[in-house]
Amino acid sequence: MKKRLLLVTAILAASSLTACSSNNGGNSSDSGTPSSSATAPASDSAATPSADAASIDDGTETMNISLMVPQYAEMGPSSDSELVKRLNEKLNVKLDIQWVPGASYNDKISVLAASNSLPDVYRITSQDYMQWRDKGVFLDVKPSLASYPNLTSHLPEKAWQELNDQDHYYGVPYYGIPHLFSMSIRQDWLDKLNLQMPTTIDEFYSVAKAFVTEDPDGNGKDDTTGFSIIVNSSGLFENAAYLMGAFGLGNEWALKDGNLVAMQAQTEELKGFVGFLRKAYEEGVLDKNFLVMKPADARNKLWNGQVGIQHVNPNEALRLDEPNIRKNFPQAELVQLLPPAGPTGLQATQTDGMGQTKVVINSKIDSKKQQRILKLLDYMLSDEGYDLIKEGVEGVDYKKNADGSFEKLETKVAGNLFSINFFRRADNAIQLHKYNDPEYVKEVEQWLSNNDKYDWPNYGLGLAAETEAYKKINIATLNTKWMSTIVGVITGAAPMEDIEKAAGDWLKGGGEQLTQEVNEIYKARQ
């Protein structure tokens, strides 16, 4: 048993937060550099374009603008693509775009920061944003927003406020759909076992257990799993929001009697949640490999027909997940599983911030260029500009048929990657396009609409990063120690009473100070 606990601790302790990094290079000599030491904060006059006539951008000068974007599976439009030519002509700019592989994007930003060659405008993670926010690295755009109506009308105020104080907006929100992810379930497995769609936690458990014990795939083998969760490198649970919320746990921070309480210290709610997982682990309903499970592993198990309940992105569930399952199981049918109701009727779906990722403008470049970049971003959210960056160029990325329908054209690059990877409106349909099958669009929109009914609020979203405790405490290490104890309880290596110990140790290790400071900020802003 000691060996088991040591293994759990070692696996969790080996994980650490991904280091925040930086961007690709602008050729401009006036690029600013975030230094890990302390860059002096820019004054308001330096950060805000001057109002005198000589410094106002009238749009007549052609400007070179360097822009960096993360790239994943698909290739985005290059600097000489038709889409970028349209942007250049509209804004009288020459965009120098660097698409950087997503896996190395953060590291690239750090390298550029160290060499004082950050681009003019780029996307940045919340960790990097908070590290450099108050050091004069990013332009404060709040004083200028009245001149850019599309930015304010198509991005909610709540998204602007995330990770910013009341007086400054040092970044423009890269909008994240707050209720993007859903739970899915194999309808054909339910039908095979004559089971009803589960609506409560108890029914969910019964169905998941049947998926393990009653051979839902009919192959006569004991090779299926009930459900799984993920323990990530930051010492937190993933793919478990629907269970955590059902048992009353907060989405990082719960609100009780006017005070914020950290999820790690909610001992009574944790006993319900952890007790549920402990029983599921003991009876083989929870995947025995959950501790080392990665998102790709979970998806592979879904595609390979090993699991019938899985966390999915609705934009991909019907377009990628179901077709891949059907390669081996032609009768497979993947449908949405609404969050099961917990003991007190609570239901929750994964709920994320809307503005945790930012698009930032270099504070050290010329004020006229800063204004031109704001004009560019504002245009991207206009009706004309958003149609361009979301759908691409007609005749290049898609065509309009005689009957009024649209058809996607085969291209080497994906014109819509500007809106997916760089900047977009508050748009739940960001991955749905005019050339998609209408029935597919309708079904995905229904999944997303259902998700919106089960909000799981994080009442202290982003506040921890503003505290002094956050700067002094290694939060990942603190959470990893907490998770080590919790995992021991789930796997039966430690008694249920150790939940109290995990909460107490978390508070003593810095969580108490963190909670106090988060509450002070929260109450000051009410």
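Predicted model: local features only at pLDDT ≥ 70, side-chain atom pairs only at ≥ 80, totals over all residues.

Biologist: How many cavities of 30 Å³ or more does a search of the whole structure find?

Modeller: The general idea is that rolling a probe the size of a water molecule over the atoms shows where empty space is left. On a 1 Å grid over the protein atoms alone, a cavity is a set of points where a 1.4 Å probe fits but cannot get out, and a lining residue has an atom within 4 Å of a point. Points are joined across faces, edges and corners, and a volume is the space filled by probe spheres set on them. Here the search finds two cavities of 30 Å³ or more.

Biologist: Which residues line the largest cavity?

Modeller: Its lining consists of Phe181, Ser182, Met183, Ala241, Tyr242, His311, Ala348, Thr349 and Gln350. Strand 5 (182-186) and helix 10 (241-246) each supply at least two of the lining residues; helices (H or I, at least four residues) and strands (E, at least two) are DSSP runs numbered from the N terminus. By class, this lining has five nonpolar, four polar and no charged residues. Nonpolar covers Ala, Val, Leu, Ile, Met, Phe, Trp, Tyr, Cys and Pro, charged covers Asp, Glu, Lys and Arg, and the others, Gly among them, are polar.

Biologist: What lines the second largest cavity?

Modeller: Ser182, Met183, Gln336, Leu337, Leu338, Pro339, Thr349 and Asn451 do. The lining has four nonpolar, four polar and no charged residues.

Biologist: And how do I read a pocket?

Modeller: A pocket is an open set of points with protein on both sides within 12 Å along at least five of seven lines. The second largest pocket holds about 200 Å³ of space. Of its 17 lining residues, Gly248, Leu249, Gly250, Trp456 and Pro457 lie nearest its centre. Strand 8 (residues 253-256) gives the largest share of the lining, four residues.

Biologist: At what angle do helix 3 and helix 15 cross?

Modeller: Axes are lines fitted to C-alpha atoms, for helices over the stretch in contact, and angles run from 0 to 180 degrees between N-to-C directions. The axes of helix 3 (residues 82-91) and helix 15 (residues 383-391) come within 10 Å and cross at roughly 160 degrees. That makes the two helices roughly antiparallel, as angles over 145 degrees count as such, under 35 as roughly parallel, 65 to 115 as roughly perpendicular and the rest as oblique. Contact (heavy atoms within 4.5 Å) joins Leu83, Arg86, Leu87 and Lys90 of helix 3 with Glu384, Leu388 and Ile389 of helix 15.

Biologist: What about helix 3 and helix 14?

Modeller: Their axes come within 11 Å and cross at roughly 125 degrees, and the helices are therefore oblique to each other.

Notes. Residues numbered from 1 in each chain as written. Heavy atoms only, no water.
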